[in-house]
Structures are given as C-alpha cells and as structure tokens.
Protein chains: 2
Amino acid sequence: MIGVDWGTSSLRAYRMTEAGQIIARASAPSGILQVAAGDFPNVLRHVVGDWLADGESKIMLSGMVGSRQGWIEAPYLPCPADPAAIGAALTRIPFDGADVLLVPGLSDRDEAGTPEVMRGEETQLIGALDQIGESGLVCLPGSHSKWARIEQGQIASFRTYFSGEAFAALRSGTILGRMMDDAPHDAGAFGRGVARANDGGHMLHHLFGVRSLALFGELGSGQTASYLSGLLIGHEIRAALQIAGTVHLIGATALCALYAQAIGLCGGHASLVDEDAAARGLARIDQARSVA
Amino acid sequence: MIGVDWGTSSLRAYRMTEAGQIIARASAPSGILQVAAGDFPNVLRHVVGDWLADGESKIMLSGMVGSRQGWIEAPYLPCPADPAAIGAALTRIPFDGADVLLVPGLSDRDEAGTPEVMRGEETQLIGALDQIGESGLVCLPGSHSKWARIEQGQIASFRTYFSGEAFAALRSGTILGRMMDDAPHDAGAFGRGVARANDGGHMLHHLFGVRSLALFGELGSGQTASYLSGLLIGHEIRAALQIAGTVHLIGATALCALYAQAIGLCGGHASLVDEDAAARGLARIDQARSVA
C-alpha cells in the first residue's frame, strides 16, 4: 500500500507492506498551498507513479489535503475516536489506477464549547498508539500546537495552542523583533524564557518584559529571539501540562528538542516518537478498516 | 507657563496659568519619530513661538521626547515617586528664549525583578491625583498599556501589558487577520471575547479559538476583529484587576470606552479621567518644584 501525509507546505509518501513496514519513501515540496485546484491528481501521480506501475493499487491520504483548500473537503469526525471509527469514515476519491482513500480530520469542543479541529495529527496519533499505550498525553508542536489525551486506546480529546504562529507574528510585526539579531539558538536564554512563563504572571505582561530586559541590557540582541521562543513555549506547556508527567512528542526533530527541554523545565518528562508515525497511522487505520 | 506632552506620534501643547488652568492649546503631528535629530528646538518653537513672543518663558516637557530616540535622554526615576520627587529630577535643556525642563520617565521592577518603564504616563498620573485620591488603581490603555497603583498620593508601582501591539501584530500577521472584514466595532462580539478571556483558559488556546469559531461559522467575518480585541483586553484586565474595584482610566476616549465596557464585564467599575491630565500634571510637577 501507499501512504501519503499531505500537509500545507509539503508532502511525504511511503510505500509500505500491509503491516505498515516502510519499503520506500518519497517527498515533494508540493504542500496544498502550492498545488492549483484540479492539479492534485497529477501531483500525486508524479510522486507515487512508479510504485503504481510496480503494482500498488491502494493510496491512503491524511492531512490538510482533506481541508477546504485541499483536494476534497472531508468532514470532521468528533472525538473520542479510535482507528476503527476513523477507518469507517474514510472518503473515497475518484482516481485512475488506484483506490484513493482520505482520512477525516477530528473535531472536539473545549470546556467552553469552542470548536477544536485537527487534520493529519489524528493519523500521527494513531501511529504512535503502540508507543503511548492505553493512556497518555501527547504534544504535536507547530504553528498551531496540538495537545491530545489518549484514553483506552482512543483519541479522547485535544486542545490547540497558537504559540508558533504567535511567535512568528510577534517577531516580525512588533518592536520586539527590532531588538533581535539573527543569532543561533541560545539554550540559556530559551530556558530563561521558560522560567519567566512559570512565574505566574500573564503572557501579555511577560511580552513587554522582553522589551524592557533588552532596553536595560539584561538580555542581549542575540538572546532575545530564543527568550521569546522559550516564553511562548513555556506558556503553552504551563497551560497544557496541568499534571506533571510524561509528554509524548511527535514532530520535527529540532522543534521537539526545544519542547523536550521546556517540558523538563516545567517539571514534566518528554518521550520522543519517531518521525514515521504518520506512515504507521495510515497502515493501522487501513488494517482497522479491513477488519471491520 | 507652557506644557508639552510630546509622544511618539504627536505633540500636544498647553498654555496655562501657574495654577494649571488651560488658556490655549496647540497640537502637531510631530511625534518624536517624525522629527529629525537636531530639529527638536525648531519644532518646539514652531508650535509655541507665539506664546513665547507673548511673554511666556517656561516650558515643561513630558513623554517620549525624553527617550533615547527623542531630544535628550532623561534618566528614569524609580518608583515610588510623587510630584516633589519628579520635580526634583527634571533635566534642563538649553533653548534660546525660555527655560525648558524635561520630566523624567519612571522605572520599577516587577515581582520577578524584570524592569518596567514609562515616559509621559507619570505626568498624566500626577495630573489625575486629585480625581484618584490618596490611593487607587489606574489604567492607561494603549500599545503598551500601563496599570499603576497610587498609594499615599505617590505612584507606588506599575505594570505594563503588551495588548495593543500584540493585537495589531496578530491581526496583520496571522491567519486570524485573513478571517476579518474591516467592519465597524461590534460590541456584542467584543463582549464575547472578554467573556472568553474570563473562562480560565490560556490566551494561546483562546487565540486558536478565534480561527475555529470562524471556521465553524460561529463568528462572522465582521465580528472577528472585535472578538479578538475583547479577548486581548479581557486578558489584560483579568490579569491586572486582581481585586474587583474602581479602575481610573486615562487615555483616548474611544479606547477608554472599550476598556470601560470590558472592566464592567470583569466585575470592576471604570471611572474616566479627562484628557487634560497631562497638562495638569505638568503644572503640578512645576508647583512641587517651586515649593521645594
């Protein structure tokens, strides 16, 4: 079978056995924002055509490819959700030469009734279930970080934090960015930012402190970006990690390393899931579907 | 005497009696960012020259004109500070035809030891002391909102919140702005944002909710900017208004009206200070200096 994790900015494809063992990989910078409407079949064929010619006939897709800006909009499946429920909610996409099946995104409501959505992360979570076990807390860091709770082998609930995109906007669009050099990551300054997030003050007050520390020479221009990053990631972790314990991290290696440091500083313990979680998740959803 | 409140984006000048009664007003769009280095004396003479020719000989300045980017950098005076202490810390600026005296900014340290700074707001606070009384909580909303505590007729301490500048950056630099029309202010949506800030969740989570509410059609594109504004102002008030009570508001009328609504929704009571607080503050600092 073929699995494709198709996101906003890139696409990663896997050729796998039915059991989920990866035989070959391919990738392309053809995220959905780079693909013109109507061109999705051509992009897919360009990436996995050789595998189809070699006999594959089933393609499972996950990620933003199922959003309104993607190939076909797939409905959201509400939490709690397990591999069988997700496998029973696939959208079939007409495609010449293979069965193409699209994994739904998940939705949830927070305590105040505000909607939550994810697309792609549900498949990574399913792929990480073996490592997580029957219950656990999982963080998928990014522009919109997701924190999911696994209970009884299901994705029970999740919450999103706007940390990554807020960091980018504060860095590029405020006076804080004018005090930052393009310096390499400074682990000490990052740690100071995380500690600041833990002092009990509000983030809006802490943000002004980035400026005043720089103004008073207590934060160097090469440290300011790392400090701001630590401040935002620290606030996210402080809010999401309500009971100190293990956090399973799924995502890009460098970002997960930052989160692991910050989780440690917040009294938790980070456990890294490897980067093939999406591939394993697609295989597992397919298996659950076949069994049902 | 002449008083000038000279900020980042504009300048407001007052001709006053020694007792602080305003006789005439002038203003110019010549904020310090619009004035070239070395051109400050000319701009001042252009605005108040007629009053000097008519016999005035003393000019008191407050605001960002005393910052590193201004005319002359005045040192910060640490809190607590009263009119006499501020009056004893003026910087004299050489100027042909008048005594020009610059009011210092104030500094403070928050509970974690992080620096706090203000320039201009200290003069507005001094000008509002008669209305506030011996003790009270004062908010000066803006890009960097200041919350000051008055105790025994002194500016005892203050804290800054980055709300205004964060709003602008989130609106212009994130996906949230792409879901906003240039609609008129929507008081209902603003109130929903304030209520959201009071639900106990973290601001980084609430920011993603702006997107998800819009995505699910639970917030219209004409409501999103007002909701985001209420969310940020609500978070600021929730953090700063630790004990519900009266908040004295000093600032632009429209912004103060928003804060007054939000303070009410957060269980407090707003009391508006008129816009001439800076002029009265300059006169009062001058009186305190003359007495000492």
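Author: Two strands count as paired if DSSP finds at least two bridges between them. The model is a predicted one.

Reader: How many bridges join E5(A) to strand E8 of chain A?

Author: Strand E8 covers residues 105–109 of chain A, and E5(A) runs parallel to E8. One of the bridges links Tyr76(A) with Gly105(A) in E8(A). Pairing needs at least two bridges, and the number joining E5(A) to E8(A) is three.

Reader: What is the order of the strands in the open sheet, and which are the edge strands?

Author: The sheet is open, has three strands and shows mixed pairing, in the order E5-E8-E9 of chain A. From one strand to the next the twist averages 35°. An edge strand here pairs on one side only, and in chain A those strands are E5 (76–78) and E9 (115–118).

Reader: How do the residues of the contact of H5(A) with H8(A) divide?

Author: The crossing of these helices, H5(A) and H8(A), is right-handed. H5(A) contributes Ser163(A), Ala166(A), Phe167(A), Leu170(A) and Arg171(A). From H8(A) come Ala225(A), Leu228(A), Ser229(A), Leu232(A), Ile233(A) and Glu236(A). The contact residues divide into two charged, two polar and seven nonpolar.

How values were computed. Residues numbered from 1 in each chain as written. Chains lettered and ligands numbered in written order. Predicted model: local features only at pLDDT ≥ 70, side-chain atom pairs only at ≥ 80, totals over all residues. Helix = DSSP H or I, 4+ residues; strand = E, 2+ residues; numbered from the N terminus. Axes fitted to C-alpha atoms, helices over the stretch in contact; angles between N-to-C directions. Left-handed = near helix turned anticlockwise from the far one by under 90°. Contact = placed C-beta atoms within 7 Å. Nonpolar A, V, L, I, M, F, W, Y, C, P; charged D, E, K, R; others polar.
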